Amino acid sequence: MHSGSQVQIRTARESDTKSACDAVNAVAAEKWYLATVDGFSLEETRAFLKRVVDGSLSRVIAVVEDEVVGFCDILPNTAKGFTHVGRLGMGVRSEWRRQGVGHRMLDACLSLARNAGIEKVELEVFSDNVAAVRLYDSFGFRQEGLKVRGRKLEDRYQDVVLMALWL
């Protein structure tokens, strides 16, 4: 078990590309927590981080000795009429879960989103990801909908819970 206190929460930098890519792909490889199971290439991650940094978008990472162990972002919708809404995405490497890392990242990222003028944060979470649902509930996110059997992977169905928080 690790000590969550040794984890630094900070904004993402382009220099985090390799480690951030590894972290996202590690969580994606577990298959059951992120919408992607394939993860992203180094080039896709680099382009994403460049867009985040250049646009001063709300994204934080959890770092231990230069290794990214978690990530959290709230990206604004760019469609006309929807720019008040941001979409939350986050993940924590399995060995760092249940130590407050997700809570600390979400708290920091919500602050950034608030300061950036985001009024509403939306997310989708698989209903069987009980720890994540509990985390979102603790921050005041409320369920706005449910996609019953919204995903089928390896002959297993997962319901997709739609949640949102007004800032």
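Let's start with Arg51, which is partly exposed at 46% relative accessibility; here buried means under 20% relative accessible area, exposed over 50%, and partly exposed in between, with a 1.4 Å probe and protein chains only. Arg51 lies in helix 2. Helices (H or I, at least four residues) and strands (E, at least two) are DSSP runs, numbered from the N terminus. Setting aside neighbours within four places in sequence, Arg51 is in contact with Leu57 and Leu75, where contact means heavy atoms within 4.5 Å. The C-alpha atoms of Arg51 and Glu14 are separated by 9.4 Å, and the two residues are 37 apart along the chain.

A quick word on what we're looking at. This is a predicted model, in which local features need pLDDT of at least 70 and side-chain atom pairs count only at pLDDT 80 or more, while totals for chains, interfaces and linings use all residues. Residues are numbered from 1 along each chain as its sequence is written, and side-chain values use heavy atoms, with hydrogens and water left out.

Staying in helix 2 for a moment, is Thr45 buried or exposed? Thr45, also found in helix 2, is buried, with a relative accessible area of 9%. Not counting residues up to four places away in sequence, Thr45 touches Thr17, Ala20, Cys21 and Phe40.

Let's walk through a few strands. Strand 2 (residues 58–64) and strand 3 (residues 67–76) pair in the antiparallel sense over seven bridges. They form a hairpin with two residues between them, and Glu65 in the turn has a positive phi of about 50 degrees. Strand 3 is mostly covered, with eight of its 10 residues buried.

Strand 3 also pairs with strand 4, in the antiparallel sense and over seven bridges, with Ile74 opposite Leu88 in strand 4. Strand 4 and strand 5, by contrast, run parallel and are joined by three bridges; there, Val85 stands opposite Lys120 in strand 5. Five of the seven residues of strand 5 are buried, so this strand is largely enclosed by the rest of the structure.

What about the helices around the sheet? Axes are lines fitted to C-alpha atoms, for helices over the stretch in contact, and angles run from 0 to 180 degrees between N-to-C directions.

Last stop: helix 3 and helix 4 (residues 130–138). Their axes come within 11 Å and cross at roughly 40 degrees. That makes helix 3 oblique to helix 4, since angles under 35 degrees count as roughly parallel, over 145 as roughly antiparallel, 65 to 115 as roughly perpendicular and the rest as oblique. At this contact, Gly102, His103 and Leu106 in helix 3 meet Leu135, Tyr136 and Ser138 in helix 4.

How values were computed
Pairing = 2+ DSSP bridges.
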